[in-house]
Amino acid sequence: MIGMQKKICMLGAFSVGKTSLVSQYVNSIFSEKYTTTIGVKIDKKQITMDEHVLSMILWDVYGEDNHQTVMPSYLRGMAGFILVADPTRPSTLDTTLSLRKMVSETVGDVPFVLALNKVDIKDQWNFEALETLNALKTASAGSFETSAKTDTGVDDLFNCLACAVLPGLPAP
Amino acid sequence: MTSEEEQLEQVRSVLLAPQAQRITDLQKQIEALDHRLSDPAQRAKDTGEVLQSALAISNEKEDWFGNSLKPMVVDKFQEASREDPEIMAEALFPILGPAVRKMIASLISRDKNRPKSGYRIEQLFLIDKMAGLPVCHVASEHSDTQDADMVSGMLSAIQSFVHDAFQTDEFDGLNTLEVGELSVWIEWGPKAVLAAVVRGKPPKKLREALQIKIEKIHHDYEAELAGYEGNTELFDALKPQLYLFLDSHDGSLKSRFKNLSAEAKRYCLIAVAGLVILVVLLVNGWIEDSRWREFMGKLQAEIGIVVSNQTEEDGVIHVYGLRDPLAVDPEAVLTTSDTSRDVVFHFEPYNALQPEFIQQRALLLLKPTSEVNVSLIEGTLYVSGQASRQWIENARPMAAAVAGVTAVAFNVREMEREQ
Ligand SMILES: Nc1nc2c(ncn2[C@@H]2O[C@H](COP(=O)(O)OP(=O)(O)OP(=O)(O)O)[C@@H](O)[C@H]2O)c(=O)[nH]1
Ligand SMILES: [Mg+2]
């Protein structure tokens with residue numbers, strides 16, 4: 001068994017469900033109440049993958065539409081990130097795109113997975129820029145339709161990134 | 001009351017209020033002190049604490065306590081333990097048991113949550129500055145914050161704090177963080193920070209110790225820190241060192257003993273042993289004293305022996321006095337006594353004036369035959385019977401010369417020679 005720990009960041013526009021995904025994944029808790037994250041909230045989840053025991057140190061960073069100012073410092077040293085979009089608000093997808101760009105400019109090329117969250121209300125999804133979406137999907141280590149509310153695709157989302165950040169483990 | 005009186009009363013109460021308060025305070029203090037003094041348990045506790053500080057000071061300074069005890073301990077121990085061990089143990093147990101227990105209790109007493117005085121490091125985190133990952137973590141065995149949730153909460157707070165502090169451009173060594181009743185002291189290195197979660201009030205020297213530690217870690221783990229990829233085993237070798245640091249910066253009472261240097265600890269133990277042996281010696285000395293007194297009483301009760309003085313030199317007792325040659329041999333009295341002391345007798349001969357001695361002396365000098373009667377009655381030596389002429393001529397002047405004889409009644413008939 002090899003013990004590893006990796007810093008993972010949750011990135012996305014405000015209110016897309018970053019905090020909700022982490023609470024569902026780490027503590028199996030979901031709340032309808034929206035409490036915006038101030039600064040950063042750090043959680044830890046340990047999983048076993050093959051011969052690795054991986055501790056994911058999850059940095060849940062506040063969502064803001066203009067990330068250029070504060071965000072980069074939070075990304076320092078991260079091994080991967082989760083890009084979260086809320087397709088009920090098409091603008092959040094644009095935000096993920098600009099976030100992705102900002103990351104590659106400041107941190108470099110690190111793996112990420114894409115979460116299209118709130119799949120439980122898929123009927124309210126509304127995509128305008130499918131090209132953007134497809135470009136992101138291709139660049140990602142995996143993309144998932146998730147729901148923090150109904151616990152859909154959450155484990156898959158995080159496990160996929162876990163594989164991507166561990167050395168010598170190709171994404172499934 | 002007139003309004004003038006009322007005003008005056010008001011002014012008075014305003015002016016005198018501080019004094020009145022002070023008096024009540026003092027009264028309370030006196031009561032508390034009184035209570036403290038009249039409570040034996042409290043006094044025992046206080047004494048224990050004082051004794052402990054004395055030991056601590058002694059250890060810091062030239063160790064007068066240890067040094068003065070050591071020779072005594074070594075020299076006297078054998079001597080002391082040679083004596084009847086059973087009596088000693090019986091005599092000692094009730095005194096020593098509680099005393100030693102109390103002292104040990106005061107040394108090791110622990111208050112799990114609140115160090116009575118001083119401070120305790122409950123957690124130590126080494127956090128890499130790049131990703132904020134906890135590279136190495138140790139928790140005190142007495143820490144309440146062993147609990148995983150608490151640790152991760154704490155860690156999370158420290159990580160974001162470290163992040164934010166690192167972020168500010170005009171970073172001015174911001175390095176403490178309060179989390180409830182705990183405080184976090186953070187020491188910054190180029191690649192990692194050392195964060196100590198502290199309960200209580202740490203002294204300034206902790207800051208320096210943290211500084212030295214983080215510097216050493218950077219020196220020892222330069223490569224590991226530089227290319228840190230999240231491998232948790234990489235810093236396993238550091239854990240014992242961090243535990244050591246944890247333990248050596250436990251300023252609470254219980255651990256103060258634990259944290260003394262090996263030498264200080266040894267002296268502390270010597271001091272305890274010294275305490276034990278002191279009591280042993282006291283009791284033992286008391287037993288030996290009473291045996292000696294008994295022997296001296298016996299010796300002085302002997303007629304013909306007068307003890308004038310006794311001195312002690314290098315453990316040998318010299319007894320001076322006068323001894324009638326007819327008196328018992330003091331050495332014989334010594335061998336029948338229980339005392340184990342080394343004694344040398346210095347007796348000057350003298351003539352004792354007790355009637356038995358005068359009579360015996362007379363008998364020795366006169367060498368009376370069976371037909372001569374010698375007796376002493378109130379200083380007068382009565383010599384009667386019959387003897388040879390030669391004896392009579394010899395004895396008559398001698399009778400008066402016997403020491404202690406005040407008068408002589410010489411009435412011996414001359415025996416006719418039966419030839
Ligand atoms: N229906 C539904 N609601 C969700 C889901 N995930 C999150 N929410 C709700 O969306 C709101 C925002 O969720 P958060 O997890 O706080 O969003 P966030 O991205 O952390 O927001 P910031 O911290 O402000 O950036 C909350 O009211 C959640 O209950 C989901 O999968 N389905
Ligand atoms: Mg949030």
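## Residues with positive phi

In this predicted model, A:Lys118 is partly exposed, with a relative accessible area of 22%. The residue is found in the loop between β5 and α4 of chain A. Although A:Lys118 is not a glycine, its phi is positive, at about 70°. Most residues other than glycine have a negative phi.

A residue of chain B also has a positive phi: for B:Asp314, again not a glycine, the value is near 50°. B:Asp314 lies in the loop that runs between β6 (305–313) and β7 (316–323) of chain B. With a relative accessibility of 79%, B:Asp314 counts as exposed, the cut-off for that class being over 50%.

## The sheet of chain A

Chain A contains an open sheet of 6 strands with mixed pairing, arranged in the order β2-β3-β1-β4-β5-β6. The edges are taken by β2 (40–49) and β6 (143–145) of chain A; each has a single partner strand, so one side of each is left without a neighbour in the sheet. From one strand to the next, the twist averages 25°.

Within the sheet, strand β1 (residues 2–12) and strand β3 (residues 52–61) of chain A run parallel and are joined by 9 bridges. A:Cys9 has A:Trp59 of β3(A) as its bridge partner. Strands of a sheet pair through backbone hydrogen bonds, in either a parallel or an antiparallel manner.

A:Leu58 belongs to strand β3 of chain A and is buried, its relative accessible area being 0%. Between A:Leu58 and A:Ile8 there are 50 residues of separation in sequence, yet their C-alpha atoms are 4.9 Å apart in space.

Leaving aside residues up to four places away in sequence, A:Leu58 touches A:Ile8, A:Val22, A:Tyr25, A:Val26, A:Lys41, A:Ile42, A:Asp43, A:Lys45 and A:Phe158.

## Packing of α1 against α5

Helices α1(A) and α5 (residues 154–165) of chain A pack with their axes 10 Å apart and at an angle of about 90°. The two helices, α1(A) and α5(A), are therefore roughly perpendicular to each other. On the side of α1(A), the contact is made by A:Leu21, A:Val22, A:Gln24 and A:Tyr25; α5(A) contributes A:Val154, A:Asp155, A:Leu157, A:Phe158 and A:Asn159. By class, the residues of this contact comprise 6 nonpolar, 2 polar and 1 charged.

A:Val22 and A:Tyr25 of α1(A) and A:Phe158 of α5(A) take part in this helix contact, and these residues are also among those touched by A:Leu58.

A:Thr19 is partly exposed, with a relative accessible area of 24%, whereas A:Thr37, at 15% relative accessibility, counts as buried; the limit for a buried residue is under 20%.

## Chain B overall

Chain B has 13 helices and 11 strands. Of its 419 residues, 37% count as buried. Among the contacts in chain B with a separation of 6 or more, 61% are between residues 24 or more positions apart.

How values were computed
Residues numbered from 1 in each chain as written. Chains lettered and ligands numbered in written order. Predicted model: local features only at pLDDT ≥ 70, side-chain atom pairs only at ≥ 80, totals over all residues. Heavy atoms only, no water. Pairing = 2+ DSSP bridges. Helix = DSSP H or I, 4+ residues; strand = E, 2+ residues; numbered from the N terminus. Axes fitted to C-alpha atoms, helices over the stretch in contact; angles between N-to-C directions. Buried < 20%, exposed > 50% of the residue type's maximum accessible area, 1.4 Å probe, protein only. Parallel < 35°, antiparallel > 145°, perpendicular 65-115°, else oblique. Contact = heavy atoms within 4.5 Å. Nonpolar A, V, L, I, M, F, W, Y, C, P; charged D, E, K, R; others polar.
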